[in-house]
Structure formats: C-alpha cells, structure tokens
Amino acid sequence: MNEKHALVIGGTGMLAKVTLWLADNHANVSVIGRTQKKHRDLIEKASDPAQLNNIAVDYYDLGALETKLKQAMDRYGPITVAVCWSPFYPAVERICQVISERTDNWQLYHVKGSRRYFEDEPLSVPASCQYRSIYLGFVLTGNLSRWLTHDEIAGGIIEGVKKDEARVVVGTIHPYENRPR
Ligand SMILES: NC(=O)c1ccc[n+]([C@@H]2O[C@H](COP(=O)([O-])OP(=O)(O)OC[C@H]3O[C@@H](n4cnc5c(N)ncnc54)[C@H](OP(=O)(O)O)[C@@H]3O)[C@@H](O)[C@H]2O)c1
C-alpha cells in the first residue's frame, strides 16, 4: 500500500485530470462517481491503474456514501487530501466527518462555482480538516467572456492544491456582471 490516500468527489468528470495528477503524485486515489463507464475511461488514462479506486455511489445516499468511504479507508488507509466537486453540502459534511474519524490533520479543497464566491451555504467541518475553497470563475478578454475549459479548470485546481491557500480563484470573478450568460 502507498502511504497516501486521496479522495476526489466527482473525479470522473471535469476533475479527471486532477484525479490522474494526484495518482501520479504518490497517492492511491479513491474516486466518487456513479457511472462505471466513466471510471473505466479514467482508469485507461492512468499511468498505474491499480492506484485508482472506484467508489460507485450516489452522494445523495448518505448511508451508502459513509459505508463505501469507510471501506475505501479500510483498504487504502486514512485519507489525507480530498478534492470535492459537489453541490450537495450534506454529503461534503458527511465525508468530512468520516475522514476526520481517522485523520487528525488533512486538507479539503472544495471546488465551487463562481456564484458561491458571493453567496455560499454554511458548511460545518471538523477542526482536523484544513478547509480550502477553489472558485471556478471565467475568462475575460476585453469585453468578451467565456466559461473555463475542462483543461483550464483541472489545471487551475492543481495549481490551487499546490498553493494550498484558503481561497483560490481559477480564471477571474470580477467584474461579476461581465460573466458569460
Ligand atoms: N466556471 C466554469 O467555467 C464552470 C463551473 C462549473 C461547471 N462548468 C461546466 O459545467 C459542466 C457541467 O458540470 P458538472 O457539474 O456536470 O461537472 P462534471 O465534472 O462534468 O460531472 C460531475 C462529476 O460528479 C459526479 N457526480 C455527479 N452527480 C453525482 C452524484 N449524485 N453522486 C456521485 N457522483 C456524482 C459525476 O459522475 P457520475 O455522473 O458518473 O455520477 C462526475 O464525475 C462542466 O463540464 C464544465 O464545463 C464550468
């Protein structure tokens, strides 16, 4: 078993390259997503497929989420870093509680859409979780704006994890009224 165990919630979608980057940086990575085919497609791209652990669960089912997360930690060890793309904060809170039962000091990089920069829901995390927010903004060139590409999103999140700051914005978020519609 490798020493590190990372978790990516929504790691088979636009965060796929973040998942692969974490795997290449010494960690076994558990990946939450419902669709088996997306997991298989991701595993095909991995340098070492054995490092990716598929957690096929709907994160709205909190009981199943908790059970499968505990099973993953039984097998791969305590999670020390998590990257999360989920709009369902009760699932994020449950994940934090379950990880904190086994890990004293760990990082959560919570990826959020730009709206949450201005108005976010409350989220309760245990003291052992070092909580970081990574906001996905947009690209503004002159008067033209567009949303980020998947590569820009993944690259920005990887830079955010490396920087390890409390708040990171990928792209820009100001002026917000110039965002793409
Ligand atoms: N600022 C920006 O530029 C910006 C910000 C946000 C989004 N976007 C765009 O919006 C598009 C759509 O975003 P998206 O939210 O669909 O992201 P996505 O990353 O394409 O897909 C969501 C990820 O979460 C998983 N997931 C979704 N619901 C789940 C559930 N109930 N339980 C467990 N896992 C679940 C998905 O796998 P399964 O479906 O297999 O479960 C997938 O891995 C993106 O492709 C991106 O281009 C742009």
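Predicted model: local features only at pLDDT ≥ 70, side-chain atom pairs only at ≥ 80, totals over all residues.

I noted a volume of about 40 Å³ for the largest cavity. I then listed its lining, which is Val 31, His 39, Leu 42, Ile 43, Leu 52, Asn 53 and Asn 54. Two elements give two or more residues each to this lining, namely helix 2 (36–45) and strand 3 (52–55). I sorted the lining residues of the largest cavity by kind and got four nonpolar, three polar and no charged.

**Entry: the largest pocket**

Next I turned to the pockets. What takes the space of the largest pocket? I found the ligand there. The volume of the largest pocket came out at about 270 Å³. I counted 14 residues in its lining, and those nearest its centre are Gly 10, Gly 33, Arg 34, Lys 38 and Tyr 59. By kind, the lining of the largest pocket has six nonpolar, five polar and three charged residues.

**Entry: the ligand and its neighbours**

I stayed with the ligand and looked at the residues around it. There are 19 of them, and Thr 12, Met 14, Arg 34, Thr 35 and His 150 come nearest. Arg 34 is on this list, and I had already met Arg 34 among the residues nearest the centre of the largest pocket. The shell around the ligand splits into eight nonpolar, eight polar and three charged residues.

- Thr 35 has a polar side-chain atom 2.5 Å from an oxygen atom of the ligand.
- Lys 38 also places a polar side-chain atom by a ligand oxygen, at 2.7 Å.
- For Gly 13 the atom is a backbone N or O, and it lies 3.1 Å from a ligand oxygen.

Then I checked how far the ligand is covered. On its own the ligand exposes 900 Å², and the protein buries 74% of that.

**Entry: the second largest pocket**

I moved on to the second largest pocket, whose volume is about 190 Å³. Which residues line the second largest pocket? I found Lys 4, Trp 21, Leu 22, Asn 25, His 26, Ala 27, Thr 80, Val 81 and Val 161. Sorted by kind, this lining has five nonpolar residues, three polar and one charged.

**Entry: two backbone details**

Last, I looked along the backbone. Where is the cis peptide bond? I found that it joins His 174 and Pro 175, with omega about -10°. Pro 175 sits in the segment after strand 9 (167–170).

I also marked Asp 164, where phi is near 55°, a positive value in a residue other than glycine. Asp 164 belongs to the loop between helix 6 (150–163) and strand 9.

Terms used:
Residues numbered from 1 in each chain as written. Heavy atoms only, no water. Near = heavy atom within 4 Å. Polar contact = N/O pair within 3.5 Å; in protein donor to acceptor, adjacent residues only side chain to side chain. Areas by Shrake-Rupley, 256 points an atom, 1.4 Å probe, with all protein chains shown as cover. 1 Å grid on protein atoms, 1.4 Å probe; cavity = no way out; pocket = protein on both sides within 12 Å on 5 of 7 lines; lining within 4 Å. Sits in = over half its atoms within 2 Å of the grid points. Nonpolar A, V, L, I, M, F, W, Y, C, P; charged D, E, K, R; others polar. Points joined across faces, edges and corners; volume = space filled by probe spheres on them. Helix = DSSP H or I, 4+ residues; strand = E, 2+ residues; numbered from the N terminus.
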